[in-house]
Amino acid sequence: MKKSFFYFVVVFALGVMATFAWQRYQSENPHADLPALKTTVANISGSPSTIALPNFAEIVERVGPAVVHISVESKLSARQRQSPFGNIDPDDPFYEFFKRFMPNHPPRDRIVRGMGSGFIVSADGYVYTNAHVVEGADKVTVKLTDQREFQAEVVGIDKPTDVALLKIDAADLPNVVIGDPAQVPVGEWVLAIGAPFGFENSVTAGIVSAKSRSLPDESYVPFIQTDVAINPGNSGGPLLNLKGEVIGVNSQIYSRSGGYQGLSFAIPIDVVNRVTEQLQKTGKVSRGYLGVGIQSLNQALAKSFGLDHVNGALVTSVEKGGAADKAGVQVSDIIIEFNGQKVRDAGALPPLVGAVTPGEEIEVVVWRDGDEKTLTITVGELSGDETPVAAKPGKEQSLDDWGLAVRNLSDDELAEQGVEQAVVITDVDGPAANAGLQAGDLVLAVNGREVGNVTELEKLLNDRKNTAALLIQRGQARLFVALTRGK
């Protein structure tokens, strides 16, 4: 009984203390209110539910009927197939042995099949897809979502941009609305529709990861990078914005396994439209050509040229008689603006040049000798067999401050290397090794000044305070390397 009474007193005392504590809190915080506090917490915890997600279903319902499945067939002739005797030369003595004693079934023609995606851009039957989907095909079939099938005519393909234009004989077809890729910021939702692995009208979604992305061997396309799941069979399908407008053509993925790994690339639809317009009119594409070799800048190179930023394309070679040569562009010029548009890096320049109509006169701003210079260039035309020029990477004498050992070249060596004058590096150490220079590199120029011999090289280097930009030739490649004098 005594214990019960004791517990009662303790509980009562705690209750009184809690009451006084709450009253004191309210007097010090007159706006404090427990029910309101609960409401606030509920609002905070419930806030994610108020964020509206994109209505993908509405977009798919509206655009889906304009997305098509493309199947192709190509005939691989017997002559194109491997010999039943492998790669053995007919003159090899063993060839007769294999021919006599091994079964020799005459090779037959074989049908090779492929597939991809596409989308209808006009009610009268024009279809966009990738060049690699239909290239070399003998038969192209376009299948609509209502299961109708049409044999398609390949109006034209453009391999540099991986774009193809098809035409099917039909009318009143569902078609897409074209959007503006420039209005879609990085981080915004996008949607893809296609036929991965043959599963028609599959829908995937993600965000724009980056824009104007340059890829190796893809000089004329500033790709839209996304994390939308794209797999084999999606090629040629549309990339859509939140309005259901097409902003790109899904073209390729970056993958080590052959399947999706989070990096997908689409050709911006404005690039596609420029290409298909020419394909429809002439069946081929004409694009501008400068005739220069270029590379991107780094901080050390920019500093060596007196530039306070790393934006621009550094000219490593100029084609004699080309458009750039005629306009006065020089090796070591840094192209910072082309036709009114800033040049971010070397990868950004080819798409800008390719978009210009051959024969058009444009202005180019270059950085030369510590100042900007404006040149007027009449853009040439890239012929079918040309490829865009990309960045190309006596007695021994030591230049210890720079970590170099060099020597002059004989006339025969110059002729063999295809250069008129240069100095060869025979050994590297310290600063030169750290800069990435190698024995065998040819030094052609220092900060735009040509090098004829070791004496000239030493003078040009000593004229520099701390950093020099060496134009070197390594094999058939030319590139600038920033070299810093040792302490």
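## His132 and the annotated sites

Let's start with His132, which counts as partly exposed at 41% relative accessibility (buried is under 20% relative accessible area, exposed over 50%, partly exposed in between, with a 1.4 Å probe and protein chains only). His132 belongs to helix H5, which runs over residues 131–134 (helices, H or I with at least four residues, and strands, E with at least two, are DSSP runs numbered from the N terminus). The model you are looking at is predicted, with local features needing pLDDT of at least 70 and side-chain atom pairs pLDDT 80 or more, while totals for chains, interfaces and linings use all residues. Residues are numbered from 1 along each chain as its sequence is written, and side-chain values use heavy atoms, without hydrogens and water.

Which residues carry the "active site" feature in UniProt? The unreviewed entry puts it at His132, Asp162 and Ser235; such positions are given in the numbering used here, feature names are shortened, and annotations may be inferred rather than shown by experiment. These three residues span 104 residues in sequence, but no two of their C-alpha atoms are more than 10.1 Å apart, so they gather at one spot. The "binding site" annotation, also from the unreviewed UniProt entry, covers Glu73, His132, Asp162, Gly233, Asn234 and Ser235.

## The chain as a whole

Stepping back, the protein chain holds 12 helices and 28 strands. It has 487 residues, of which 40% count as buried. The chain exposes about 26,800 Å², and carbon and sulfur atoms supply 51% of that area (areas come from the Shrake-Rupley method with a 1.4 Å probe, and for residues only the protein chains shown count as cover).

## Around the annotated residues

Is Asn130 buried or exposed? Asn130 is buried, because its relative accessible area is 0%. You can find Asn130 in the loop that joins strand S3 (126–129) to H5. The C-alpha atom of Asn130 is separated by 8.8 Å from that of Lys159, although the two residues are 29 positions apart along the chain.

Pro232 sits in the loop between strand S10 (218–226) and strand S11 (238–240). With a relative accessible area of 36%, Pro232 is partly exposed. Pro232 and Gly194 lie 38 residues apart in sequence, and their C-alpha atoms are 9.7 Å apart in space.

## Salt bridges

How many salt bridges are there? The count comes to 15, where a salt bridge is a side-chain nitrogen of Lys or Arg within 4 Å of a carboxyl oxygen of Asp or Glu. One of them joins Glu73 to Arg113, with the closest N and O atoms 3.6 Å apart. This pair ties together distant parts of the chain, since Glu73 is in strand S1 and Arg113 in strand S2 (residues 110–120), 40 residues apart. Strand S1 covers residues 67–76. Glu73, which is also part of the "binding site" annotation in UniProt, is partly exposed at 26% relative accessible area, whereas Arg113 is exposed at 62%.

A second bridge brings the side chains of Arg474 and Asp441 together, at 2.7 Å from N to O. Here too distant parts of the chain are linked: Arg474 is in strand S27 (residues 467–474), and Asp441 is in the loop between helix H11 (430–435) and strand S25 (442–446), 33 residues away. Arg474 is partly exposed, with a relative accessible area of 26%, while Asp441 is buried at 2%. Another bridge pairs Lys459 with Asp463, at 3.3 Å from N to O. Lys459 is exposed at 54% relative accessible area, and Asp463 counts as exposed at 52%.

## Patches on the surface

What forms the nonpolar patch on the surface? Leu53, Trp189 and Leu242 do, with about 310 Å² of accessible area together. Patches are made of residues with over 30% relative accessible area and no salt bridge; like charges are joined within 9 Å, and nonpolar side chains (Val, Leu, Ile, Met, Phe, Trp, Tyr) within 5 Å. Trp189 is in strand S8 (residues 189–194) and counts as partly exposed at 35% relative accessibility.

Glu396, Asp400, Asp427 and Asp429 form a negative surface patch. Lys and Arg count as positive and Asp and Glu as negative, with His and the chain ends not counted; each charge is placed at NZ of Lys, CZ of Arg, CG of Asp or CD of Glu. Asp400 lies in the loop between strand S22 (397–399) and strand S23 (404–408). With a relative accessible area of 65%, Asp400 is exposed.
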